[in-house]
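Work through the exercises below with the sequence and the model side by side, and try each task before you read its solution.

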Amino acid sequence: MTTPKYLTGDAAAINEFIDRFDVFLLDCDGVIWSGEHVFEGVVETLEHLRSRGKKTVFVTNNSTKSRQEYLKKFTGLGIPSDVEEIFGSAYSASVYISRILKLAPPKNKVFVIGEAGIEHELRSENVPFIGGTDPAFRRDVTPEDFKGLADGSLLDPEVGCVLVGLDFHINYLKLSHALQYLRRGAIFLATNVDSTFPMSHGFFPGAGSMSMPLVYSTGQKPVALGKPSQAMMDAVEGKFQFDRERTCMVGDRLDTDIKFGIEGKLGGTLAVLTGVSQKEHWEAADAVAVPAFYVDKLSDIGLVARKQ
């Protein structure tokens, strides 16, 4: 097993590291921010990378926001960005459904477990859907629901796909609808299968926690369209046309970000210690992935290099 190179505090090594790459794919939650808190020095670090001619692309598994909503968050937090720099799992899933699956009538609707970000991206790709934030699905299940779901009378016959993302209003009614659609042959997709979601310096159930009950009850695993899925890597590469050897993935999770970069055969991977995974995780014998480099925080690759 290779040992990751620790860059924090080593200006010469950091400059050499930056010079190796033309493109930096950056995770957001746990790297750029935690909830509404931007990590110190992030804005200056992004400016430094861009001033050296580097392309920055934000690749996030958080499906609760669309690209436009993410742009508003970046702007509100004082981080200069452009909507074309943002590539989220909700967008990735929508592109996959519209351009790869190409669901045809009469089974061209998507049943959504998730938030408004998924809905906005599906609309941008002209994909019809039900569920999601519809108040009709945000309630307790009733005896009539059990009967109507079992006999199919409450199901939309046009649904051909179930898409599961992070849902802050997950409930039994939504899971029951999804299960019935899957049992009737619907395609099972997930924006991502992250087990946890970093927020406010803590960790909460991630999108994978939404789809797991369906995995358990159907025996099926969803096709995931977020990191580390290489379907997402292909989509990102197709959009930005970069040289993988000159591209580095920056993230806080071994099982998504770092694995994404390694399996995508990128030129490098950089782990930051401000999120989920810590040093002991990649030092373990059963580590899911090992980064090529690591720093304590993202700003370490910008501020130290600028001071040299």
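**Exercise 1.** Does Thr 256 count as buried, partly exposed or exposed, and what is its relative accessibility?

Solution. Begin with the source: this is a predicted model, in which local features need pLDDT of at least 70 and side-chain atom pairs count only at pLDDT 80 or more, while totals for chains, interfaces and linings use all residues. Residues are numbered from 1 along each chain as its sequence is written, and side-chain values use heavy atoms, with hydrogens and water left out. Next, recall the cut-offs: buried means under 20% relative accessible area, exposed means over 50%, and partly exposed lies in between, with a 1.4 Å probe and protein chains only. Thr 256 has 3% relative accessibility, so it counts as buried. To place this residue, look at helix H10, residues 254–263, where Thr 256 is found; helices here are DSSP runs of H or I with at least four residues, strands are runs of E with at least two, and both are numbered from the N terminus. Finally, leaving out residues up to four places away in sequence, Thr 256 touches Asn 61, Asp 194, Lys 227 and Pro 228, where contact means heavy atoms within 4.5 Å.

**Exercise 2.** Which residues have the most contacts inside the largest nonpolar core?

Solution. A nonpolar core is a set of buried Ala, Val, Leu, Ile, Met, Phe, Trp, Tyr and Cys residues joined through side-chain atoms within 4.5 Å. The largest such core has 33 residues, and those with the most contacts inside it are Phe 17, Ile 32, Val 250, Leu 270 and Leu 298. Among the elements that each supply at least two residues of this core are helix H1 (11–19) and strand S14 (247–251). Taking Leu 298 as an example, its contacts beyond four places in sequence include Leu 26, Val 31, Ile 32 and Val 250. A second, separate core of 22 residues includes Phe 111, Tyr 181, Phe 188 and Met 210.
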